[in-house]
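Let's take a walk through a protein model together, from the overall fold down to single side chains. Please have the sequence and the 3D view at hand.

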Amino acid sequence: TGPYALRAIGKDTFILSEDVEAYLRATKVFDGGVSSKRSLTQIQQQFNLWQQESGRSLAHISQIIALSVGENIVGMQQ
């Protein structure tokens with residue numbers, strides 16, 4: 001709930017959803033537990049790098065990742 005609350009008050013942050021976590025694991029950004037200090041530091045560093053490279057917000061980067069992996073069938077008819 002922390003990142004959601006931060007976004008609600010206008011703070012730029014990423015959401016570590018299941019899809020984002022799966023992508024970060026698959027690309028070997030981190031390999032430990034998702035809540036360990038070491039993993040969180042590695043994840044934050046990667047998001048900071050992507051932000052510097054792209055000029056996009058952390059929120060936008062995490063949304064792009066989340067919508068690019070996993071099952072994203074919202075609004076699609078089967």
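What follows is a short tour of the fold, its helix packing, its core and a few residues of interest.

**The overall fold**

Please keep in mind that this is a predicted model. The chain has four helices and zero strands, and from the N terminus on its elements run α-α-α-α. Along its principal axes, the C-alpha trace spans about 40 × 30 × 25 Å. Of the 78 residues in the chain, 23% are buried. If you look at contacts between residues at least 6 apart in sequence, 40% of them join residues at least 24 apart.

**How the helices pack**

Two packed helices are described by the angle between their axes and the distance between the axes. Here are both values for two pairs in this model.

| Helix pair | Angle between axes | Distance between axes |
|---|---|---|
| α2 and α3 | about 90 degrees | 12 Å |
| α3 and α4 | roughly 105 degrees | within 10 Å |

Let's begin with α2, residues 18–26, and α3, residues 37–54. At about 90 degrees, these helices are roughly perpendicular to each other, because angles from 65 to 115 degrees fall in that class. In your viewer, you can find V20, Y23 and L24 of α2 meeting I43, F47 and W50 of α3. By class, this contact has six nonpolar, no polar and no charged residues.

Now turn to the other pair. The axes of α3 and α4 cross at roughly 105 degrees, which makes α3 roughly perpendicular to α4. From α3, the contact uses Q44, F47, N48, W50, Q51 and S54, while α4 brings L58, I61, S62 and I65.

**The nonpolar core**

In soluble globular proteins, nonpolar side chains tend to be buried together. Which residues make up the largest nonpolar core here? The 12 residues are F14, V20, L24, V29, F30, I43, F47, W50, L58, I61, I65 and A66. Helices α2, α3 and α4 each supply at least two residues of this core. The largest share, four residues, comes from α4.

L58, one of the core residues, lies in helix α4. Its relative accessibility is 8%, so L58 counts as buried, the cut-off being under 20%. In sequence L58 and F14 are 44 residues apart, yet their C-alpha atoms are 5.1 Å apart in space. Leaving aside residues up to four places away in sequence, L58 touches D12, T13, F14, Q44, F47, N48 and Q51.

Is S62 buried or exposed? S62 counts as buried, because its relative accessibility is 2% and the cut-off is under 20%. This serine sits in helix α4, which covers residues 58–68. Apart from residues up to four places away in sequence, S62 touches R7, F14, I15, V20 and F47. Among these partners, F14, V20 and F47 also belong to the largest nonpolar core.

**Salt bridges**

The count of salt bridges comes to two. In one of them, E21 pairs with R25, and the closest N and O atoms are 3.2 Å apart. E21 and R25 are four residues apart in helix α2, so about one helical turn separates them. R25 is partly exposed, with a relative accessible area of 34%.

R38 forms a salt bridge with D31, with 3.6 Å between the closest N and O atoms. R38 has a relative accessible area of 54% and is exposed. D31 is exposed as well, with a relative accessible area of 61%.

**A loop residue to look at**

Finally, have a look at K28, which is found in the loop between α2 and α3. At 72% relative accessibility, K28 counts as exposed, because the cut-off is over 50%.

Methods:
Residues are numbered from 1 along each chain as its sequence is written. This is a predicted model: local features need pLDDT of at least 70, side-chain atom pairs count only at pLDDT 80 or more; totals for chains, interfaces and linings use all residues. Side-chain values use heavy atoms; hydrogens and water are left out. Buried means under 20% relative accessible area, exposed over 50%, partly exposed in between (1.4 Å probe, protein chains only). Contact means heavy atoms within 4.5 Å. Axes are lines fitted to C-alpha atoms, for helices over the stretch in contact, and angles run from 0 to 180 degrees between N-to-C directions. Angles under 35 degrees count as roughly parallel, over 145 as roughly antiparallel, 65 to 115 as roughly perpendicular and the rest as oblique. Ala, Val, Leu, Ile, Met, Phe, Trp, Tyr, Cys and Pro count as nonpolar, Asp, Glu, Lys and Arg as charged, and the others, Gly among them, as polar. A salt bridge is a side-chain nitrogen of Lys or Arg within 4 Å of a carboxyl oxygen of Asp or Glu. A nonpolar core is a set of buried Ala, Val, Leu, Ile, Met, Phe, Trp, Tyr and Cys residues joined through side-chain atoms within 4.5 Å.
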